[in-house]
Every structure is written in structure tokens, then in C-alpha cells.
Amino acid sequence: MFTRSAIAAILAVAPAILAAPAPAPQVTEPASFGPDVQVSYQAQSTAGPDYPLAEELGDGYTSATYHGPYTGTPTTTGAANGPTTLAASIPPLPLNPTATYYNTGGKPINPLPAPYTPAGGLGTNGTLPRYMVESDFDYESIALGLYQEWIELDLFHDGLARFSEAEFLEAGLTSEYMSLIEFMADQETGHSTLLTNMLGETAPKQCVYDYPYNTVREWLDFMQRLTRFGESGVWGYINHLDSREVGQLLAQSIATEARQQQIFRQMSGLTPMDVWFENGWPQSWSWTMLAPYISYCPENQTRLAWQNFPVLHILNNANINRYSPNDTAQDGSEVTGSRITDPSISNLTDWTQQIRTPLLPFII
């Protein structure tokens with residue numbers, strides 16, 4: 001959905017400071033974390049008069065009772081910082097001098113440490129794995145991933161609770177599709193639990209969100225965009241993690257998210273795959289996409305060290321709700337708002353341009 005020039009433009013803009021959300025009471029923290037402790041994502045939830053809990057809103061589906069902008073005064077601003085900053089940037093270096101392996105014979109060069117076990121690899125010497133972050137880089141990256149999982153958990157539930165079954169049918173989706181989306185929301189509970197335990201007791205909590213959709217099709221479009229940049233954000237840092245054990249579990253969760261994105265695209269009438277290779281993004285790009293949809297978070301929320309760039313307006317995204325997407329206005333007017341991943345509007349004024357989505361076959 002984003003052009004190469006649009007993505008590159010993110011890096012060209014000056015840094016901006018995210019106004020961190022307002023305070024709200026928290027529940028008691030778990031007593032301990034570690035290899036022998038598993039804390040459910042539900043133990044990390046928050047409660048209080050200014051922090052709405054999920055409630056049943058209709059048809060048996062639950063969602064937070066408020067989704068909208070924050071109207072108070074932020075109590076915390078800016079990114080998290082360490083004790084000091086050593087340099088303005090990290091300079092480029094030449095090729096790693098130890099990166100010299102090249103196999104010219106097509107057979108193992110070095111002795112095998114065990115039968116059917118070629119020499120090399122990391123974490124292959126029999127050491128017991130530790131599924132916890134191992135550095136500040138790991139911590140900040142997985143914390144960003146948890147922010148992503150939290151919004152997906154809330155987002156998937158919200159549309160199910162907000163829209164009626166008749167509205168889903170009008171968008172071409174039967175109750176079977178609604179059940180599939182509910183299952184994907186359940187997947188996010190597992191992902192949130194996993195990342196929470198890999199971080200420990202300071203793991204970020206779920207926030208309150210401000211969503212940009214008003215119809216089922218706009219909701220689907222927003223979900224396929226959100227899961228898309230969430231996936232790219234993980235591919236950008238996963239192989240740089242110090243903890244390969246954390247990277248392994250993260251890969252298994254993000255592979256699921258990639259499938260979610262394909263499903264949302266198909267539900268929207270789009271091709272499930274439109275590229276040969278997925279993008280890998282720096283963490284600050286991903287945070288720039290995600291942060292504008294956070295309304296406010298609990299008191300003492302764990303903040304991130306990543307940069308939040310100023311908003312980037314993409315003017316030529318095709319409107320997926322047109323018979324002919326090439327007829328989309330080139331002034332950015334066919335999106336629901338002013339944030340970078342806001343979905344295409346579905347209530348086109350010219351009815352001849354609107355897609356009347358037929359019922360889709362339910363395939364497992």
C-alpha cells in the first residue's frame with residue numbers, strides 16, 4: 001500500500017516527540033517473572049474510572065467501551081532514554097573480518113560435532129535455551145512488538161462488537177468469517193502473553209485506542225494495513241536480537257500475523273500476496289505508524305526508545321472500494337482521516353464507483 005518514495009520519505013523528516021498518554025490506576029503486578037513463571041496477558045490488564053475494560057457490546061462479542069481521542073493533558077512526553085548517549089549516529093564499518101566462509105566443494109569443510117550435524121550455527125552446542133530478552137536492544141524491540149500485539153487484540157475484537165451481523169453480510173462476510181476473525185483475536189492473547197513473559201514485570205500494558213473506521217470494509221482495510229506494517233517491523237529487527245531464543249518464538253508468532261494479513265486482504269477483495277519479498281523496517285518506522293492510533297495508556301506505562309517521526313501523508317494510495325482503483329483521487333481525500341495508515345473511505349458518493357461485494361466462499 002505504500003510506495004517506495006513514501007517509505008523513504010519517513011527518514012527525511014525531522015524527529016517529533018510522542019505525547020505519552022495520561023495516567024490511570026493499575027492492578028497489582030505479578031510477584032515474579034522468569035523461566036518457571038507464566039503470566040497471562042490478562043494479569044497485565046488495567047482497571048479504573050478513566051481506563052475502560054472490555055464489555056459485551058452485542059452478539060456476544062466484547063470490546064473496550066471507549067475508542068477515541070484523548071482530551072486531557074499528557075503527563076509524560078518523549079522517548080525513553082538511557083544514562084547517556086554516546087554519539088549522534090552509528091558510523092558505517094567495513095565487512096566483518098571473520099565473515100570469510102565460502103564452500104567450493106559442496107561438502108562439509110569442518111569436522112562434524114555429532115552425526116548428521118554440520119559444524120557451526122548459534123545455540124547449537126546443547127546449552128539450555130533462555131527465553132528472555134538479553135539486551136536493551138532486545139527489550140525495546142520486543143516492547144514495541146507487544147504494543148503491536150495489544151492493539152491487534154483490541155482491534156480485532158472491536159469490529160466484531162461494533163458492527164452487526166447484517167453489516168457484515170452487506171460487506172460480503174458471513175458468520176463463519178466473523179468466527180475466523182474472533183479466532184485471530186484469540187491468537188493475539190497468546191502473542192501478548194508470550195511477549196509479556198519474555199520482557200518481565202515492566203512489560204507495556206494495553207492502552208486505549210483511537211480508530212479511523214466507520215464501516216466493516218474500512219475496518220478490514222485498516223486491519224490489513226496494521227498487520228502489514230507490524231509484520232515488516234519484526235522482519236527488520238528479528239535477526240539483530242541478542243537472544244536467538246526470543247527471535248525464534250517471535251518468528252513463530254509473526255508468521256501467524258502474516259497469515260492474518262493475507263486473510264484480511266482476501267476479505268477485502270484484494271490479492272493475498274502482491275510482492276516477492278516482504279519489507280523489513282527499522283523500529284522507528286513501525287512506531288511512527290502505530291503511535292498515532294494510541295489514545296492514552298496506564299500510569300507509569302513503559303515507554304519506548306524509538307523515534308516517532310512527524311506524520312507522512314500518502315496522496316496516491318488506491319481506494320480498494322472502487323470498481324476502478326485507478327480512478328482514486330490523487331489528493332489524499334479518499335481516506336478516512338489524516339493519519340498515515342488510515343483506511344480508504346467506503347461511502348463513496350458516486351454509487352457507480354462502489355464495489356458491491358458478493359458473498360465469499362469460506363475456505364479452510
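**Pocket, salt bridges and core**

Tutor: The residues lining the largest pocket divide into 10 nonpolar, five polar and two charged. Here Ala, Val, Leu, Ile, Met, Phe, Trp, Tyr, Cys and Pro count as nonpolar, Asp, Glu, Lys and Arg as charged, and the others, Gly among them, as polar. This is a predicted model, in which local features need pLDDT of at least 70 and side-chain atom pairs count only at pLDDT 80 or more, while totals for chains, interfaces and linings use all residues. Residues are numbered from 1 along each chain as its sequence is written, and side-chain values use heavy atoms, with hydrogens and water left out.

Student: How much space lies in the largest pocket? And which residues are closest to its centre?

Tutor: The space amounts to about 870 Å³. There are 17 lining residues, and Thr 84, Thr 85, Leu 86, Ile 90 and Ala 305 are the closest to the centre. A pocket is an open set of points on a 1 Å grid over the protein atoms alone, where a 1.4 Å probe fits, with protein on both sides within 12 Å along at least five of seven lines; lining residues have an atom within 4 Å of a point. Grid points are joined across faces, edges and corners, and the volume is the space filled by probe spheres set on the points.

Student: Changing topic, how many salt bridges does the structure hold?

Tutor: It holds eight, a salt bridge being a side-chain nitrogen of Lys or Arg within 4 Å of a carboxyl oxygen of Asp or Glu. One of them joins Asp 158 and Arg 162, at 2.8 Å from N to O.

Student: Where do Asp 158 and Arg 162 lie, and how far are they separated?

Tutor: They are four residues apart in helix H2 (residues 136-162), and therefore separated by about one helical turn. Helices (H or I, at least four residues) and strands (E, at least two) are DSSP runs, numbered from the N terminus. Asp 158 counts as buried, at 2% relative accessibility, whereas Arg 162 counts as partly exposed, at 34%. Buried means under 20% relative accessible area, exposed over 50%, and partly exposed in between (1.4 Å probe, protein chains only).

Student: What about Asp 221 and Arg 225: buried or exposed?

Tutor: Asp 221 and Arg 225 are both buried. Their side chains form a salt bridge of 3.1 Å, N to O, and both lie in helix H5 (residues 216-237), four residues apart.

Student: Which residue does Arg 322 pair with?

Tutor: Arg 322 forms a salt bridge with Glu 334, their closest N and O atoms being 2.7 Å apart. Both lie in the segment after strand S6 (294-296), so the pair ties together parts that are 12 residues apart in sequence. Arg 322 and Glu 334 are buried. Elsewhere, salt bridges with shared partners join Asp 210, Arg 339 and Asp 342 into one network.

Student: And which residues touch the most other members of the largest nonpolar core?

Tutor: Of its 63 residues, these are Ile 142, Leu 155, Ile 181, Trp 219, Leu 220 and Trp 287. Such a core is a set of buried Ala, Val, Leu, Ile, Met, Phe, Trp, Tyr and Cys residues joined through side-chain atoms within 4.5 Å. H2 gives the most to this core, with 13 residues.

Student: How many residues of H7 are buried?

Tutor: Eight of the eight residues of H7 are buried, so this helix is largely enclosed by the rest of the structure.
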